[in-house]
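Have the structure open as you read.

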Amino acid sequence: MSRTPFGGRIDRSRTLGFTFDGVTYTGHPGDTLASALLANGVHLMGRSFKYHRPRGVLGSGVEEPNALFGVTRGPGRFEPNQRATCVPLVDGLVVESQNRWPSLAHDAGALNDLGAAFIPAGFYYKTFMWPPRAWHRLYEPRIRAMAGLGRPTSDSDPDRYAQCWAHAEVLIIGAGPAGLAAALAAAAGGGRVMLCDQDEEMGGALLAATDETIDGQPAADWLAAALATLAAAPNVRLLPRTTAIAYGLHNLVTLAERRTDHLAAAEAHGARERQWQVRARRVVIATGAIERPLVFPNNDRPGIMLASAAQAYAARWGVRVGARAVVALDHDSGYRAAAALADAGVAVAAIVDSRAAASPALVAEAEGRGIEVIAGQAPADTRGRMRVTSLGIAPVDGDRVGPPTRWIDCDAVAMAGGWTPSLHLFSQSRGKPVWDEARGCFIPSRSVQAETSVGACAGHFDLAACLRDGWAAGGGSGAAPRAQPRADAGTSVARRHVEGTRRRAWVDFQNDVTAKDLRLALREGFRSVEHIKRYTTTGMATDQGRTSNVNALAIAAQQLGVGIPEVGLTTFRAPFTPATFGGFAAYARGALFDPVRRTPMHDDAVAAGAVFEDVGQWKRARYFPRGAEDMDAAVARECTAVRTAAGLFDASTLGKIVVAGPDAAAFLDFLYTNPMLKLGVGRCRYGVILRDDGFIYDDGIVARLAADVFHVTTTTGGAARVLDHMEDFRQTELPGMRVWLTSITEQFAVAVVAGPRARDILAPLVEGLDLATAAFPHLSVADCTVARLPARLFRISFSGELGYEVNVPASHGRALWAALLAAGTGHGLTPYGTEAMHVLRAEKGFVIVGQDTDGTVTPDDAGLGWAVGKAKADFVGKRALLRPAMLEPDRKQLVGLIPVDGTTLAEEGAQLVDAAAPTRALGHVSSSYRSAAAGHPIALALLRGGRARIGGTVEVAGLDTAANTPMRIVAPMFYDPDGGRMSG
Amino acid sequence: MLLIDCPHCGPRAEIEFRHAGEAHLVRPGGSDESADWGAYLYARDNIRGRATERWRHVHGCGQFFNAVRDTVSDAFECTYPAGESRRTGADIA
Amino acid sequence: MADATVAPRPPEAQWLLHCAPADAATAGAALGVTLGSAMLRATAGADWHALHLAPDEWLLIGTAGAGPGAVGVAHALVDISDRSLGFTLSGRDVPAALNAACPLDLGDTAFPVGTCTRTVFGKATVMLWRTGDSVWRIDCGRSFAPYVGALLALAVEDADA
């Protein structure tokens with residue numbers, strides 16, 4: 001066992017069981033998967049991506065590149081690529097290693113390592129080029145099979161995810177010493193304070209503190225008191241296990257809160273995660289810093305890890321990372337790690353300090369513990385396959401290190417390469433990091449948004465400075481929490497890159513990128529850091545170069561003979577750490593993916609056996625099959641009923657707008673192509689709306705209810721955009737007009753009764769209105785009662801038959817429907833759906849905007865030139881219709897098509913061609929149906945110069961090898977051309 | 001996501017709004033086809049930097065209004081009701 | 001459990017009044033309710049609540065079946081009593097529940113009692129009105145009510161932490 005006998009922040013009174021690759025282990029509450037495995041002496045945790053090298057854990061937090069696992073928390077709850085350092089241990093956790101076959105210890109892929117010389121950076125780009133055909137059949141399938149880390153589950157996610165918005169005066173990201181000091185200060189200010197931290201516990205570096213004191217208390221005690229103070233403050237919200245994954249515009253920060261992953265299944269209730277969108281007046285970024293590894297040959301063996309991680313395993317989790325460790329450093333903080341290891345009972349064989357002149361105080365302290373300090377030397381190689389067994393060191397000569405001159409037996413190496421501030425969120429806030437030569441790291445420059453970076457992420461690595469910095473950023477008055485300054489808080493030295501042999505020294509552990517790969521890329525001419533990143537893959541994948549970026553830059557700078565700032569940083573993109581898709585989708589899944597809108601009579605249609613179709617968010621009854629009818633049979637029956645008796649249709653989804661005010665008529669006259677000023681009260685007119693570019697935008701009925709009140713309808717899909725279009729002109733072009741718009745789409749349920757028997761069915765139900773044609777002719781409107789319900793009745797027709805549209809308040813929709821059905825008994829009244837409606841209107845050549853028009857169709861193109869009030873001084877789109885291109889005779893125009901063979905149904909959307917020149921597209925079929933009334937299939941089409949070709953033929957192009965279909969070109973009117981049926 | 005200061009409702013999240021293109025375009029008078037009409041329809045400045053644009057608070061008060069936004073930084077300098085004259089740097093300072 | 005309950009609202013009269021802001025006081029006098037007040041504030045008269053949702057727009061809410069009388073200025077007045085459906089929300093955690101899908105700052109400073117506005121709730125446009133310290137109402141287009149109701153139920157469930 002590698003567990004210390006006491007100490008750490010784990011709960012030793014409880015034991016948790018988990019399995020790793022089928023073997024059962026135990027740990028304690030407070031453990032991560034990584035600390036529990038190390039406590040069990042398990043160092044081999046994964047295989048590297050490309051070479052399948054055995055790997056152990058490198059870090060102790062989000063920076064971890066190696067220890068990636070597939071984690072199962074129950075049925076359907078499997079996730080690949082989970083960092084062992086970020087997986088809280090729960091009882092019954094099942095984890096498996098990745099990227100190995102047949103097992104982690106015996107991995108066939110490790111053959112790649114032997115052939116490593118043959119797969120340098122860019123190998124895939126260079127190699128798999130010839131023969132071209134082989135890419136598809138051979139190379140890509142093989143490479144795909146090898147590529148990728150982990151496999152996602154194909155089960156649907158059984159968990160629920162929540163989302164919420166929040167507002168705060170101060171959002172503090174990171175609850176280390178700087179963030180806590182900021183929160184304490186801000187809490188006293190009284191505004192709403194949010195403090196989030198990605199770790200299982202708040203405290204940041206204080207969780208691994210050894211002998212630090214704050215305000216005279218041990219750091220752990222101060223931490224507990226600070227958290228208690230904050231928890232008790234009513235204006236403070238503490239969000240542990242919550243990662244700030246994105247810093248957006250105008251101080252909107254996205255947080256991912258993990259709510260149940262740390263709980264055993266039985267205790268986990270509610271949403272697994274909650275994604276927060278926090279709009280903060282001020283943001284304090286206190287995201288800390290991540291330690292850098294050292295780059296030296298074979299620096300990737302299990303047992304070699306960051307010094308800060310080794311310290312954290314000892315101090316926070318009570319785990320000895322080895323029996324005998326060497327600390328290799330070029331930053332003072334490594335001395336503290338060495339002390340922590342020694343305190344935990346690890347034999348520290350030596351401290352190898354690459355700098356010639358180590359701090360005498362630190363050396364003396366180490367030597368006081370009996371630790372040998374070897375200055376001016378650096379790691380040069382390691383031995384050991386599944387675990388490091390010894391570290392070779394050699395003197396540093398300028399910027400080079402020769403072959404090992406001394407081997408030190410050890411089973412752990414702690415690397416202290418200096419610190420890299422976590423600038424991800426600062427960078428996402430659009431701030432520019434700048435290189436600080438003295439501290440040897442990038443630090444934040446000027447803030448672009450209302451943001452302050454504090455503590456280690458701002459380059460302050462000393463506890464006392466972090467506390468002061470955070471306190472000031474939180475607006476603290478009075479004295480900041482105080483810590484004893486330390487000798488080992490020294491600034492990081494910009495590391496001269498030392499690497500002296502031809503052996504491989506890893507820079508990016510996750511992507512298996514070595515110093516050699518980087519040098520190769522530079523030799524091949526890559527200069528931009530963004531190009532180097534993509535060519536070598538350094539800094540990509542789940543860890544996004546947290547431990548490798550600065551080392552890679554240092555190598556590039558050294559090779560190019562320039563400074564690190566000249567090489568530049570790659571862009572930090574969101575999310576900061578991998579985020580679940582569930583968190584982004586949250587409530588928008590299943591039935592709540594999008595609102596499903598149903599009409600007031602929806603349930604009646606369901607009861608009648610309707611088949612529905614989606615029209616935008618609406619469910620509309622498409623047809624009403626009876627018995628074993630298919631759609632064609634049902635539609636034919638429904639059409640025949642409307643043509644010979646009567647049909648009942650739910651038109652509630654049509655957009656409806658009241659246009660009212662003294663200037664309403666003038667406003668509509670301007671918005672529609674048609675003249676509207678003289679439309680009589682009680683009369684309706686079909687109207688066309690253009691945009692100013694002259695193309696048809698929508699159409700509908702304009703009905704004048706009173707001198708200054710109009711009821712207009714829009715297409716179902718056009719309801720919102722027509723209102724928007726009208727409001728635009730009302731507010732910005734015609735602000736002097738006294739006219740107002742009110743959407744009444746949802747106010748009314750609308751039932752259409754159409755067919756020769758329509759009047760017979762409706763008349764007995766109507767009070768207050770004479771339905772005779774003389775009294776209430778085609779294109780009339782009146783308020784009355786229908787079946788004792790307050791109603792607005794239109795006599796209009798989209799079917800070509802005598803038609804009425806009954807509008808009643810939506811809550812009366814079902815009563816109206818039932819009354820009409822009852823009245824229709826004996827008259828053959830038949831419910832019909834949108835499909836029959838489409839056929840009926842196509843037989844009459846009535847266009848559907850969006851089906852027979854596509855945003856490039858003028859009124860004249862659509863055969864609606866008659867609807868344009870040419871005498872009007874102006875209307876929306878008028879001048880565009882005069883543009884030369886709009887007047888060309890060869891424009892695509894609406895025509896009717898009939899198959900020459902009398903039977904073949906044209907495909908909607910199919911292209912039209914001439915038999916003589918079958919490669920030139922002349923237009924397309926926009927609507928196509930079987931027509932019982934016409935006795936043959938009919939189609940509407942937009943055809944180049946179409947009207948002049950009426951009487952001729954054109955072919956509908958068959959797809960792929962299908963034959964073309966010859967069509968006769970006719971006027972777009974297949975039924976009752978003089979309109980006697982609907983106006984009679 | 002932007003925070004947009006509706007002149008009527010105050011600061012609101014971008015999802016309540018719809019962008020409505022360049023502001024202060026003048027719809028030419030007259031009734032003839034002419035080049036100015038083509039420019040009105042299709043020519044836009046697409047400014048990098050300080051741009052004047054229209055928004056509609058479509059899921060709020062429904063009003064169209066104008067805004068001055070830096071298209072590089074996305075910072076809003078100001079918003080003001082439709083119909084008011086174009087804001088220059090001097091007005092804002 | 002979150003301190004938030006959701007109940008569908010009974011029918012009531014809703015009329016949408018538009019008029020020039022300069023005429024609002026006159027119109028209000030005719031209707032018996034103050035109209036010229038600040039944007040996004042609700043006022044109460046004998047028969048009507050008036051919610052000032054846009055510079056030239058007031059939503060009048062009264063008892064079911066009621067209809068406003070003559071207004072006396074150029075205006076538009078439209079019966080929309082059946083256009084929307086509403087829910088009453090009660091409890092301390094209502095703001096947290098609403099914030100599951102509404103981006104507004106619903107704190108006491110930004111959204112005091114009497115505030116009303118249109119906004120979004122998930123993918124629906126809604127009208128939100130804080131009628132009391134812990135009492136709110138949310139109205140949406142009639143066909144959006146099943147969506148809004150189901151989303152509210154989940155939001156309430158998630159509002160307790």
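Where chains C and B meet, 11 residues of chain C are in contact with 10 residues of chain B, contact meaning that the C-beta atoms of two residues, placed from the backbone, lie within 7 Å. On the chain C side, the elements that supply two or more residues are strand E4 (49–54) and strand E8 (116–121). E8(C) gives the most, with 4 residues. Helices here are DSSP runs of H or I with at least four residues, strands are runs of E with at least two, and both are numbered from the N terminus. By class, this side of chain C divides into 7 nonpolar, 3 polar and 1 charged. Ala, Val, Leu, Ile, Met, Phe, Trp, Tyr, Cys and Pro count as nonpolar, Asp, Glu, Lys and Arg as charged, and the others, Gly among them, as polar.

A word on what you are looking at: this is a predicted model, in which local features need pLDDT of at least 70 and side-chain atom pairs count only at pLDDT 80 or more, while totals for chains, interfaces and linings use all residues. Residues are numbered from 1 along each chain as its sequence is written, and chains are lettered from A and ligands numbered from 1 in the order in which they are written.

Now turn to the side of chain C that touches chain A. Here 31 residues of chain C are in contact with 30 residues of chain A. Strand E2 (13–19), strand E6 (75–79) and helix H3 (145–157) of chain C each give two or more residues, and H3(C) gives the most, with 5 residues. This side of chain C has 16 nonpolar, 8 polar and 7 charged residues.

Moving into chain A, look at strand E9 (residues 193–196). E9(A) runs parallel to strand E8 (residues 161–173) of chain A, joined by 4 bridges, and Leu195(A) is the bridge partner of Ile172(A). Another 4 bridges join E9(A) to strand E12 (residues 236–239) of chain A, also parallel, where Val193(A) stands opposite Val236(A).

Finally, find helix H13 (residues 529–536) of chain A, whose buried residues are Val529(A), Ile532(A), Lys533(A), Tyr535(A) and Thr536(A). These pack against strand E31 (513–514), helix H12 (515–523), helix H14 (549–560) and helix H15 (564–567) of chain A. Just after H13(A), Thr537(A) takes a positive phi of about 70°.

Notes
Pairing = 2+ DSSP bridges. Buried ≥ 20, exposed ≤ 12 C-beta atoms within 10 Å, placed from the backbone.
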